[in-house]
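Subject: Structure for your review

Dear colleague,

Please find below the structure for your review, together with its sequence. I would be grateful if you could read the notes that follow with the structure open.

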Amino acid sequence: MTTLTYLIPVALFLGALGLSGFLWALRSGQYEDLDGAAERILIERDDGAENARRSK
């Protein structure tokens, strides 16, 4: 029973930490452009410097 007195506050602290991390990510705009990263990986860039590195 004394174990619960330690585990319950730890669980509440970890839950609050996770919730605050999620709210921080939400406020900082991490979820603004969800489709952009998925489409950006399909676009082939024509950079001369990048192509020069690959050919070496």
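The findings are set out below, from the overall fold to individual side chains.

Please note that this is a predicted model. The protein chain contains 3 helices and 0 strands, and its pattern along the sequence is α-α-α. Of its 56 residues, 4% are buried. The accessible surface of the chain amounts to about 5500 Å², and carbon and sulfur atoms account for 63% of that area.

One feature of this surface is a nonpolar patch formed by Leu19, Phe22, Leu23, Leu26, Tyr31 and Leu34. Helix H1, which covers residues 2-27, supplies the largest share of the patch, with 4 residues. Leu34 lies in helix H2, which covers residues 34-40. Leu34 counts as exposed because its relative accessibility is 58%, and the cut-off for exposed is over 50%.

The search of the whole structure returned 1 aromatic pair. The ring centres of Phe22 and Tyr31 are 6.0 Å apart and the planes meet at 45°, so this pair is classed as tilted. That angle falls between the limits of under 30 degrees for stacked and over 60 for edge-to-face. Phe22 has a relative accessible area of 42% and is therefore partly exposed; Tyr31, at 42% relative accessibility, is likewise partly exposed.

Yours sincerely

Definitions and conventions. Residues numbered from 1 in each chain as written. Predicted model: local features only at pLDDT ≥ 70, side-chain atom pairs only at ≥ 80, totals over all residues. Heavy atoms only, no water. Helix = DSSP H or I, 4+ residues; strand = E, 2+ residues; numbered from the N terminus. Buried < 20%, exposed > 50% of the residue type's maximum accessible area, 1.4 Å probe, protein only. Areas by Shrake-Rupley, 256 points an atom, 1.4 Å probe, with all protein chains shown as cover. Phe/Tyr/Trp six-rings, centres within 6.5 Å; stacked < 30°, edge-to-face > 60°. Patch = residues over 30% accessible without salt bridge, like charges linked within 9 Å, V, L, I, M, F, W, Y side chains within 5 Å. Salt bridge = Lys/Arg side-chain N within 4 Å of Asp/Glu carboxyl O.
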